[in-house]
Amino acid sequence: MTHTRSAKRNEAIVVVDSGGANLASLDYALERLGVRACVTTDAAIISSADRVLLPGVGNAAAIMSRLEELTLTPVIRALSAPVLGICLGMQLLFEHSAEGDTSGLGLLPGRIERMAATPGRSVPHMGWNTLKIERDDPLLHGLSNDDWFYFVHGYYAPASASSVIATVEHGEPYAAVVRHRNFCGVQFHPERSGQSGARLLANFMTANT
Amino acid sequence: MLARRIIPCLDVRDGQVVKGVRFRDHRVVGDILELAARYRDEGADELVFYDITASPEGRSVDRTWVARVARVLDIPFCVAGGIRSVADAEAILNAGAEKISVNSPALENPSLIDALAHRFGSQCVVVGIDSETAVEGYRVHQYTGDPNRARDAGRSTLAWLTEAQDRGAGEIVLNCMASDGVRRGYDIEQLARMRAACRVPLVASGGAGAPSHFIDVFKAANVDAALAASVFHSGNIVIRELKTALRAAGVEIRP
């Protein structure tokens with residue numbers, strides 16, 4: 001299938017076509033929730049959406065330069081609708097990433113660092129893990145520290161970041177769920193995290209913040 | 001804490017799940033969507049689809065099933081078999097797979113690993129290694145799917161594993177050929193030795209026959225995941241029961 005703008009798709013729910021390879025799995029996860037999202041790079045559609053999802057797979061510097069070439073960075077920064085960054089999309093909400101030494105969108109304070117492999121800890125952090133929820137958030141409604149989510153990442157946002165809502169432990173704690181105003185992000189892949197991931201996406205679709 | 005993963009591997013030919021003895025006499029065992037959904041419901045953490053469809057002369061293999069699987073699965077899956085280029089990988093990832101796995105083509109052209117990691121990120125790139133026990137150490141074999149072409153690849157397993165991760169592999173699946181198909185347990189000695197050199201996630205493959213084999217491989221070889229095929233397909237091991245046994249043994253596992 002192709003991921004282009006389609007008249008049949010709901011332009012209120014937008015997935016930013018950040019150029020990563022697996023936009024399809026997010027699109028299908030939304031489809032399972034009955035949401036036909038619009039996958040687009042069109043600034044006008046993104047600006048007028050009710051919900052904006054920012055996925056990202058690949059390399060931080062490559063995706064930031066794509067967003068800049070498409071002049072989407074000011075568009076995303078100016079959004080007042082709820083925004084959900086997923087995996088690398090979450091990391092791009094921060095000020096800077098060590099992956100390719102690139103500036104991020106700067107919507108959340110903090111810097112993305114590289115995870116070091118140590119004996120007994122494989123990198124990337126790949127597989128299912130649980131959260132430690134630090135504070136309540138509508139995004140985590142109905143979810144608890146017993147829910148499992150699928151993570152795949154070799155860079156991380158620090159657990160000490162002011163935006164942290166939940167952390168994940170892999171040798172040491174990292175940011176797993178973050179929020180500042182309408183901008184939130186998850187380090188894991190809700191689209192591949194079974195029922196728990198579906199619940200999180202449904203929360204994002206219905207929460208008022 | 002990160003859970004250890006249980007990964008059933010399904011052989012796919014022409015879009016259907018097949019079973020055969022050592023790549024011969026394959027017969028269809030089921031519909032790919034039904035089997036994928038069944039393993040998901042039983043608690044599989046991830047699935048690997050090994051596409052054994054022979055590539056017709058000059059034509060690409062029909063992989064429309066990948067998108068159909070991606071539509072129904074809400075757990076990650078990897079596609080292996082016949083991926084020879086960045087374009088092959090891109091088509092599979094764009095259809096909704098999380099990862100692609102390369103084996104013999106990476107041995108023919110190691111820079112394929114660099115190209116895949118550069119284009120898609122290491123987390124998408126799995127390198128499968130077929131490793132045979134030799135008089136001294138372990139040797140990589142290639143073309144193991146075809147009895148007429150199978151041969152020593154001219155590399156030691158340790159050297160190839162190290163090179164693959166340095167080139168950008170995000171995960172290694174080590175298929176220990178001496179124990180494969182025998183169901184007497186994973187090759188703990190070899191896996192533990194490779195674990196010591198492997199910084200990225202390491203998946204054990206070959207030899208699973210009983211729940212205790214999974215407990216052993218996680219505890220003694222410290223692998224991140226264990227892959228198996230026939231014991232799951234035959235129903236000899238039910239994933240739910242396996243996971244209960246693993247938890248009882250103190251192995252971190254997703255229920």
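Two strands are taken to pair if DSSP finds at least two bridges between them, and strand 5 (residues 96–97) and strand 7 (residues 111–114) of chain A pair in the parallel sense over two bridges. Helices (H or I, at least four residues) and strands (E, at least two) are DSSP runs, numbered from the N terminus.

## Basis of the model

This is a predicted model, in which local features need pLDDT of at least 70 and side-chain atom pairs count only at pLDDT 80 or more, while totals for chains, interfaces and linings use all residues. Residues are numbered from 1 along each chain as its sequence is written, and chains are lettered from A, with ligands numbered from 1, in the order in which they are written.

## Chain A as a whole

Chain A has six helices and 14 strands, and its C-alpha trace spans about 50 × 35 × 30 Å along the principal axes. A compact globule of 209 residues would have a radius of gyration near 17 Å, and the 16 Å of chain A agrees with this; the radius is taken over C-alpha atoms, and the globule rule is 2.2 Å times the number of residues to the power 0.38.

Of the 209 residues in chain A, 54% are buried, where a residue is buried if 20 or more other C-beta atoms lie within 10 Å of its own, exposed if 12 or fewer, and partly exposed in between, with C-beta atoms placed from the backbone. Among the contacts in chain A with a separation of 6 or more, 69% come from residues 24 or more positions apart, a contact being two residues whose C-beta atoms, placed from the backbone, lie within 7 Å.

## A sheet and two residues of chain A

At the level of residues, A:His96 has A:Arg111 in strand 7 as its bridge partner.

A:Thr41 lies in the loop between strand 2 (37–40) and helix 2 (43–47) of chain A and counts as buried because it has 20 C-beta neighbours inside 10 Å. Leaving aside residues up to four places away in sequence, A:Thr41 touches A:Asp17, A:Leu70 and A:Leu72, and its C-alpha is 5.9 Å from that of A:Val16, although the two residues are 25 apart in sequence. A:Arg66, found in helix 3 (residues 60–69) of chain A, has 17 C-beta neighbours inside 10 Å and therefore counts as partly exposed; with the residues up to four places away again not counted, A:Arg66 touches A:Ser18 and A:Gly19.

## The contact between the chains

The contact takes 29 residues from chain A and 29 residues from chain B. On the side of chain A that touches chain B, the elements that give two or more residues are helix 1 (23–32), strand 8 (125–130), strand 10 (148–153), strand 12 (164–170) and helix 6 (194–206), and strand 8 gives the most, with five residues.

The residues of this side of chain A divide into 15 nonpolar, twelve polar and two charged; here Ala, Val, Leu, Ile, Met, Phe, Trp, Tyr, Cys and Pro count as nonpolar, Asp, Glu, Lys and Arg as charged, and the others, Gly among them, as polar.

## Helices and strands of chain B

In helix 2 (residues 64–72) of chain B, the buried residues are B:Trp65, B:Val66, B:Val69 and B:Ala70. Seen down the axis of helix 2 of chain B, these residues fall within an arc of 140°, so they line one face of the helix, the arc being that of the directions from the helix axis to the C-beta atoms. They pack against helix 1 of chain A together with strand 1 (5–13), helix 1 (32–42), strand 5 (77–80) and helix 3 (86–94) of chain B.

Strand 1 of chain B has eight of its nine residues buried, so it is largely enclosed by the rest of the structure. It pairs in the parallel sense with strand 12 (residues 225–228) of chain B over four bridges, and four bridges also join strand 1 to strand 4 (residues 47–51) of chain B, again running parallel. B:Pro8 has B:Ala228 in strand 12 as its bridge partner, whereas B:Val12 stands opposite B:Asp51 in strand 4.
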